[in-house]
Amino acid sequence: MNVIFLPYAGGSQYSYSGFTGAAKRNGINIIPIEVPGRGSRINEPLLVNISDMVNDIFDQVKDHLKAPYGIYGHSMGTILGYLLTRKIVNENLNKPCHLFFSGSGGPSVKDQQVLRHLLPRKDFIDNLIKLGGCPEEILNDKYMMDIFEPIIRADFRLIETHRHEVEVALDIPITVMIGTEDKISRAEAEAWQAETEKKIEIIKFPGGHFFIFGQEGKIIEIILRKIKGQQYG
């Protein structure tokens, strides 16, 4: 079975490489997504409009939507996954049987924090340190930050300028995963319920915003169990 993995801010198709082994052992084929301006597409212009990014992703996956399949996204990847699902449904293509979102509250949650894409470099880096997930050797390397900072800023801008539009609830189950030490509250995670007619499940993992690293095997097991449950249930 296929599972589309969508990037978090600053991420590329290589960001989820740690999931590959567990996925293969469980018969899951990860479809990693590469968006412009990073990885194998480093020479393409960065996107700062979320609709443009969703359209780009849709063009990559539209011929690979063989049922049953799922969609997984972390942080920025959750809103990309949600909007991608909306586009797939609107195009009358095979919809995913399950959505897996981690590291983010529902799309209706209004984030009150400062606009990170406008922060001066020192404050910007301090914010990344708080989030975790980015190696200190990169954060402390001016040359590396000259490469990665524009990418992450563009992704933050994409998220922070997006405005959620209320639509008819999906009929697709959603599993929400959050870290116990992340800033996301239970109420913010429960806001995903507004986006689906199915009852959501919220699963907590120990750790902060990037709790997913170190929990790859457990996350793959959850994905496998849920998709199989939809397939045979």
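Does Tyr8 count as buried or exposed, and what is its relative accessibility?

Author: The model is predicted. Tyr8 has a relative accessibility of 10%. Because the limit for a buried residue is under 20% relative accessible area, Tyr8 counts as buried.

The ring of Tyr8 may be considered next. A pair of aromatic rings is described by the distance of the centres and the angle of the planes. The structure holds 14 aromatic pairs. In one of them, Tyr8 is joined with Tyr16: the centres are 5.9 Å apart, the planes stand at 85 degrees, and the pair is edge-to-face. Tyr16, like Tyr8, is buried.

Tyr8 also pairs with Phe210. Here the ring centres lie 5.1 Å apart and the planes meet at 75 degrees; because an angle over 60 degrees counts as edge-to-face, this pair is edge-to-face. Tyr8 belongs to the loop between strand S1 (2-6) and helix H1 (20-25), whereas Phe210 belongs to the loop between strand S6 (201-205) and helix H8 (216-232). The pair therefore ties together parts that are 202 residues apart in sequence. Phe210, with a relative accessible area of 15%, is buried.

Ring pairs link Tyr8, Tyr16 and Phe210 with Phe5, Phe19, Tyr72 and Phe213 into a cluster.

S6 pairs with S5 in the parallel sense, over five bridges, and Phe205 in S6 stands opposite Gly179. On its own part, S5 (residues 174-179) is mostly covered, since six of its six residues are buried. In a regular strand the side chains alternate between the two faces of the sheet. In S5, Ile174, Val176 and Ile178 point one way, while Thr175, Met177 and Gly179 point the other way. S5 also pairs with strand S4 (residues 98-102), again in the parallel sense, over four bridges; within S5, Val176 is the bridge partner of Phe101.

Finally, the nonpolar cores complete the picture. The largest nonpolar core has 46 residues, of which Ile4 and Ile57 touch the most other members. Helix H3 (residues 76-90) gives the most to this core, with seven residues. Another core, of 24 residues, lies apart from the largest one and includes Ile203, Phe211, Ile220 and Leu224.

How values were computed
Residues are numbered from 1 along each chain as its sequence is written. This is a predicted model: local features need pLDDT of at least 70, side-chain atom pairs count only at pLDDT 80 or more; totals for chains, interfaces and linings use all residues. Side-chain values use heavy atoms; hydrogens and water are left out. Rings of Phe, Tyr and Trp (its six-membered ring) pair if their centres lie within 6.5 Å; planes under 30 degrees apart count as stacked, over 60 as edge-to-face and the rest as tilted. Buried means under 20% relative accessible area, exposed over 50%, partly exposed in between (1.4 Å probe, protein chains only). Helices (H or I, at least four residues) and strands (E, at least two) are DSSP runs, numbered from the N terminus. A nonpolar core is a set of buried Ala, Val, Leu, Ile, Met, Phe, Trp, Tyr and Cys residues joined through side-chain atoms within 4.5 Å. Two strands pair if DSSP finds at least two bridges between them.
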